[in-house]
Amino acid sequence: MPITIVIGSQWGDEGKGRITDMLAAEAVLVARFNGGDNAGHTVTVGDQIFKLHLVPSGIVQPNALAVMGSGMVINPKKLLDEMDYLMDSGIEVDPQRLGISAGAHLILPSHIAIDGAAEIARGDGAIGTTKRGIGPAYADRTAREGLRVGDMLASDFRQRVIRRILDQNKGIVALYNLPPLDATEIANRYEQYAERMRPFITDVSEQVHQVLKRGGRVLAEGAQGTLLDIDHGTYPFVTSSNPISGGVITSLGVGPHTVDRVIGVSKAFQSRVGEGPMPTELSGEPAVALRGTGENPWDEFGTTTRRPRRCGWLDLVLLRYAARINGFTEMMITKLDVLSGIEPLKTCAAYRYQGQTWNDMPFGPDALSKVEPIYDEHPGWHEPIMSARNREHLPGPALEYLQTISTAVNVPISYASVGPERDQIVHFKSTI
């Protein structure tokens with residue numbers, strides 16, 4: 001059995017943790033393939049809510065092996081804290097259940113210091129990063145100057161940390177006028193982290209290969225979303241990795257022939273955290289209706305940052321783009337229940353740009369700040385749908401709304417979530 005990939009089709013926060021948790025029940029191995037602790041996945045199991053930032057959310061399933069691919073950047077303290085949090089919550093976390101790629105890169109305190117200082121220095125041009133050192137760690141990776149998880153196995157790991165901190169201190173002092181970091185103290189801490197992490201370090205590519213060779217299903221879990229991709233997103237307001245389906249191939253070290261399902265996850269509306277263009281963004285009461293007040297854990301506030309998300313109508317132009325970039329074979333629409341009681345509903349069907357109508361993005365994501373959305377209106381519904389579990393339980397306008405999405409994107413819809421609980425998912429026996 002080959003690989004199933006779960007991809008966010010928007011700017012992240014689409015609710016990928018839900019379907020990952022569901023599909024992990026059938027998988028032998030669940031892999032996180034990109035990003036760092038700037039991403040957050042939430043899984044609700046009964047009265048327990050798991051908020052995970054590094055460990056694949058599939059680990060909540062009792063029988064799945066979880067691995068972290070070489071495309072990730074890892075803050076060791078955050079990872080160890082998360083592992084402790086899972087164990088305190090009754091989830092087994094040991095080297096038989098969690099593997100960390102030796103090729104993943106380490107986030108150092110110097111990366112975090114540079115990230116925060118650089119964001120302040122950008123002023124009005126700030127990108128809106130989480131200031132967790134993600135970008136600088138990926139910059140080190142590209143410059144071939146970073147430390148990798150595999151360095152923790154070296155006898156001189158402590159000295160390697162000292163050398164890297166001392167080198168980065170030069171820029172911290174000269175460029176940002178900040179005091180230098182204590183390299184010795186940091187190295188001592190990182191040596192302690194290494195003692196705990198060493199048993200988990202592995203060759204993730206080989207692990208994935210062995211599972212596939214035995215006929216086991218592998219589930220690849222992405223962080224963030226397509227529109228934050230460093231190459232294909234709304235640059236420069238993007239993340240520093242590849243959260244698209246192509247990122248799976250490089251991070252896990254597998255061939256494209258091993259993939260048979262690419263499931264695009266999209267909210268029933270649009271949301272975004274941070275800076276950058278968002279053509280369908282709403283303000284005032286319409287935005288609050290989609291966002292919620294923050295009272296509930298499922299309201300539109302960042303899992304990692306707790307920043308209120310920007311909300312707006314579903315952008316079908318961007319969804320078509322995401323389907324093309326990733327090769328979606330099917331989709332899941334999340335938070336359909338949030339639309340109950342809102343009428344009329346709207347979707348962005350096309351853009352107006354330089355006096356012309358465009359069904360796709362003119363000149364790619366770079367022109368988004370200059371486009372005007374062209375909306376279609378759809379009838380809403382007032383019935384609560386949180387108890388729906390199949391097609392027959394959904395009101396006609398809800399089904400019509402899903403059909404509109406599927407037709408516009410030319411990708412079938414297999415699932416729709418209608419609430420935060422693990423089982424609040426409508427399964428379509430025949431796809432929409």
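Predicted model: local features only at pLDDT ≥ 70, side-chain atom pairs only at ≥ 80, totals over all residues.
Helix α2 spans residues 76–88 and helix α6 spans residues 183–197. Their axes come within 10 Å and cross at roughly 45 degrees. The crossing of α2 with α6 is left-handed.

On the α2 side, the residues in this contact are Pro76, Lys77, Leu79, Leu80, Asp84 and Met87. They meet Tyr190, Tyr193, Arg196 and Met197 of α6. Sorted by class, the contact of α2 with α6 has 7 nonpolar and 3 charged residues, and no polar ones.

In the pair formed by Tyr190 and Tyr193, the ring centres are 5.1 Å apart and the planes stand at 65 degrees. This pair is edge-to-face, because planes over 60 degrees apart fall in that class. Tyr190 and Tyr193 lie 3 residues apart in α6, about one turn of the helix, and both are buried.

Tyr353 and Trp358 form another pair, with ring centres 6.3 Å apart and planes at 70 degrees, so this pair is edge-to-face. Tyr353 has a relative accessible area of 7% and is therefore buried, the cut-off being under 20%. Trp358, at 24% relative accessibility, counts as partly exposed.

How values were computed
Residues numbered from 1 in each chain as written. Heavy atoms only, no water. Axes fitted to C-alpha atoms, helices over the stretch in contact; angles between N-to-C directions. Helix = DSSP H or I, 4+ residues; strand = E, 2+ residues; numbered from the N terminus. Left-handed = near helix turned anticlockwise from the far one by under 90°. Contact = heavy atoms within 4.5 Å. Nonpolar A, V, L, I, M, F, W, Y, C, P; charged D, E, K, R; others polar. Phe/Tyr/Trp six-rings, centres within 6.5 Å; stacked < 30°, edge-to-face > 60°. Buried < 20%, exposed > 50% of the residue type's maximum accessible area, 1.4 Å probe, protein only.
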